[in-house]
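Hi everyone, thanks for making time today.

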Amino acid sequence: MYSFKMIILSWFIIAPILAYGQTDLDRSILEWKSFDAKDGFEVGTVNSMEFDEQGFLWISGLESVLGSSSFLNNIPKLQRFDGLNFITIPIPIEENTSPMSVQLHKRSDKRFYVLLSSDLWTELLLFDPFTLKFEEVIVDALKPDDRIINLFVQQDFSYLIIENEGGPFLARLDDEFDYKVFFSLKHEVAAGSYFRELIVFDDHFLIAEQRAGVIAYDYNGEIVKAFNYTDFGLENQKNEGALSLLNSFFYQGSYHFTVNRESIRYRYDPKSMEWIKSQFSSNYENVKGNGGISMKEVVFSDGFGNLVRFDKNEGSIFFKRYLITANQREELTFIGLDVISKITSRNLAQELFLAGEGKLSYITFKTTNISNFLESYSIRNIAHLKASEYLVATEANGYFIIDIDKRTEAPFLLFEDGQIFNTSEARGIFIDEQGIWSNYNGGILLIDPITHEVETFRRYPIRTMINEGDKIIYGAFNYPLMEFDKYTRVSTPISSNDSLAVMDIAKFGETIFLTTETGLFSFHNGVETFVEMDEDPKKLMMLNVLPSFGLLITTTEGKVYRMQDEFSKPELFFSDTREKPIASAFEDQNGKLWFATFSGLIALNPETNQQVRYMQEDGLSNNEFNRYSTLVTQEGGVLLGTVRGLNYFHTDEIEKLRNDGELVLTGLTYFDSKRNANVRKQAPSELNDITDLTLPSENRYLKIQLAALEPNPDIKIEYSLNNGEWLSLVTMGKLEFNNLAAGHYLLNIRMVGSEGVQFGKGIELKIHAKEFFYRTTWFLILCLLLVTFISYYFIRHANKAKRLEQAYARSLLKVQEEERTRISRDLHDSVGQQLVLLKNQANAKKDQEMVDTLSSTLEEVRAITRNLHPVILNRLGLTTALEEMIRKLDENLDVFFTTSLDNIDGILGEDEELNLYRLIQEALNNIVKHASAVSAKLTIECYRTRILIKIQDNGEGFSMEDTQRSVSSLGLKTLHERAAMLNGKLRISSSENGTHISLEIPR
């Protein structure tokens, strides 16, 4: 059983090392991203990689992952990678052109030479990564049969190796395309030339050609020295082939090379022209990974003096970084790639790009002085084992051993009766001569440090515990405070309160203090005391005893109370503006106070009250720290546990990282009405000045691509429209609106850290999404104006027609009255006088029958005359004329007429009185002719501002609609016309019970 247990134990110790790569081998990696065709990476065979001035990576090569082919069409590719997105730039070459290589060479003016070559031809282009424009390089001095076979950029010049029928020669080209031929180069006549290296020194060139070997030329072309194997301390071997150099890199003032057949690297001394073995020689065999470059050849140095060296041993590729910024610190990392074809980096301390077989790997490194362990686990407690080893308890994944010097981590498995014992919720680790004391979810735990066998002492689920020599004091939830004797193995209550919900325990002086859900308690010499505090008891959290500050009591709202001695009253000492719980507090050797909170780590200078908050982006494994998981080492280091990972650092080495990056646009796609197609802008020269964007109404699609100039894996990118809610990007680096609603928008895009705090420079873009013209305000206003104009026209026309109609009707009525008056006068003056004369003659002849006939006729003429023109109206007034008209109707008809008339004489003008008389006369005639009424009444009421006339009967009534539609209803129309001439309001209502007419005339 013991043997089996040790096998299991050994496996769990070794397995993580194998699985991680692993110990500290890739612990320096912050993030590893891999991209292939599905992510937009289209370069199958990478020939070169260069950075532009914005820090974006340019990759050139061929589309196929199989490399170049003499039989198939090779498709050249040029892509830009901004850390998040790829864009492809078409290379302007003839359609049937099939290059076998596409090389980028960065000039001193930051533009790129693009050298496309095959076995039979070469083409040199100049590419500007700012404008994304190509320019053909025309060198007038080049002859038609001159072919550029290689190009090397050194300082301000580009050195061309050109080949023609006479063989290869060296020439120089500056940024203005001034061309200068230097001299011919040694070569093998029977075969084409392949020049691997060209380095320019003060007084000579060092040139390596595949067949001619390694030769030093002076500036006149004279061979100063042709090197052989003996110059490297190597022996010439039969049929060995020419000496050649590979993979040059510049490190600490010297060029280093790999010799073609050896894993040994050499440093070149240009003054003595001697070769010295380099410290970067490979210790392993020369192995190629599935067609990739030889691992012994792969060494790369950046512009800061950092270097990375790759090796391959027993099938595993690994690299080692030599960081000049960290006093030559070496970082060893295993990687999971089979093939590496190209390597580049702006700063090896921060990043590394690896390309191979259609894949691009982007590795970012941790640049802080914080070491992270167990980053997948929630940390609960830490104890020192020996030397640089520490025992770490996790929340639910058991125990681990970490080595802070070797930066390794391994499981510390526990066994009970030979079986694996799983633990959780550890709240303390104490080590003494008996073993390792801790707890599990049911009580106290004793661990044998050698066999890892455990002994359990079940009592209560422990929430917190402290070590007191031969005793352990612990608290639980709703139980008394307990004391466990390590020798008798018995737990005894030591508090009278048997329902304490204990949060933390600390011994300060000779007093034990507890934070509970009901407040702060102290136990001194067996006396239990409630300690008064100006704080909600339920918000009390942790207790920390610090030599220089006394007892610090933290709360769930970021407050810290201080007791300077065990009998003083707690006073407020510190408040965190974020009001987040404080998990622990400790002091460093420089007198600074540190608070591990649920929102970062705070460093407080108690003398100046100046504070700095360190977050995940500063190298911490997480922003939320755990309780019971703080340990200050004897060397002054600090181990701090979080909900995801353990952090180790020295307080005087921790740094706040600069977060002053900048977001930039890298692409815009939108619809262009003039082109009737989507337009894509990708050139920095176009994007840098864009602040306003207009989207046409027919297609309001918008796609925005962006990148951070100083990328950080811990940053998030958010956007908001019109200062609304901040939203995270669905796809990092891309923001897409398929159909933006019409309107004006202010789009803000920003970078935020792990806690959502903005930093750096963001992007602000004004967007005008046009509405369809028929939905725009101006169109609606135009339509409203048009409707108003048309309505006004028709209303004006109708009013004019109505006025003309009224004028015509009034004129007609006036003419009618004038004609009646004339006829009445003629009847009275002519016919009436003739009848009187005839009557007198008949009287003279005593013809009584004639007299009676003439008298009757004369009376009828007089009645007609009065009807045509009521003379009584002029003589006696309107009121009397109306009374007389009613009297005669009442006398001559069966209808009973009554009146109630106010005197209205003199109120109206002469024409108005006649109009009113005629209106009433017409209404009464209608009653007589059509109503079949028994009675009728005329009422006239005179008020201060109006005259009200009412005419009503009890006849059978009539239908208003039918009468108005009838072409013969001239009576009603006449009534309305006369009412309009009086500026009155005429109302007529009729039913089966009679008709009621009212006329209101203003005075």
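The average pLDDT of the protein chain is 86, and 89% of the residues score at least 70. Residues 1–25 have a pLDDT below 50, and beyond near neighbours in sequence this stretch has 33 contacts in the model. Another such stretch is residues 284–296, where pLDDT stays under 50 and the model has 41 contacts beyond four places in sequence. Where pLDDT is low, the predicted coordinates should not be read in detail. I'd apply that caution to the contacts in residues 1–25 and in residues 284–296.

What about secondary structure? The protein chain has 9 helices and 73 strands. Of its 1003 residues, 49% are buried. Taking the contacts in the chain with a separation of 6 or more, 51% join residues 24 or more positions apart.

How far apart are aspartate 36 and lysine 359, in sequence and in space? In sequence they are 323 residues apart, yet their C-alpha atoms are 4.8 Å apart. Not counting residues up to four places away in sequence, aspartate 36 touches Phe41, Gly358 and Lys359.

Alanine 212 is another loop residue, between β15 (204–209) and β16 (213–218). Lysine 186 is 26 residues from alanine 212 in sequence, and the C-alpha to C-alpha distance is 6.4 Å. If we set aside residues up to four places away in sequence, alanine 212 touches Lys186, His187 and Ala242. With 17% relative accessibility, alanine 212 counts as buried.

For a position in a strand, have a look at serine 254, in β19 (residues 254–259). It is buried, with a relative accessible area of 13%. Again not counting residues up to four places away in sequence, serine 254 touches Phe249, Arg267 and Tyr268.

Arginine 407 has a phi near 55°, a positive value in a residue other than glycine. You'll find arginine 407 in the loop between β32 (399–403) and β33 (408–412), and at 18% relative accessibility it counts as buried. Asparagine 676 also has a phi near 55°, again positive in a residue other than glycine. It is in the loop between β60 (663–672) and β61 (677–681). Is asparagine 676 buried or exposed? Asparagine 676 is exposed, its relative accessible area being 58%.

A quick word on cysteines. The structure holds 0 disulfides. Cysteine 783 counts as partly exposed at 28% relative accessibility, and cysteine 942 counts as partly exposed at 25%.

Last stop: empty space inside. Rolling a probe the size of a water molecule over the atoms shows where empty space is left. How many cavities of 30 Å³ or more does a search of the whole structure find? The search finds 1, and the volume of the largest cavity is about 70 Å³. There are 13 residues lining the largest cavity, and Gly55, Phe56, Asp82, Gly83 and Arg346 are the closest to its centre. By type, the lining divides into 8 nonpolar, 3 polar and 2 charged residues.

Notes: Residues numbered from 1 in each chain as written. Predicted model: local features only at pLDDT ≥ 70, side-chain atom pairs only at ≥ 80, totals over all residues. Heavy atoms only, no water. pLDDT = per-residue confidence, 0-100. Contact = heavy atoms within 4.5 Å. Disulfide = S-S within 2.5 Å. Buried < 20%, exposed > 50% of the residue type's maximum accessible area, 1.4 Å probe, protein only. 1 Å grid on protein atoms, 1.4 Å probe; cavity = no way out; pocket = protein on both sides within 12 Å on 5 of 7 lines; lining within 4 Å. Points joined across faces, edges and corners; volume = space filled by probe spheres on them. Nonpolar A, V, L, I, M, F, W, Y, C, P; charged D, E, K, R; others polar. Helix = DSSP H or I, 4+ residues; strand = E, 2+ residues; numbered from the N terminus.
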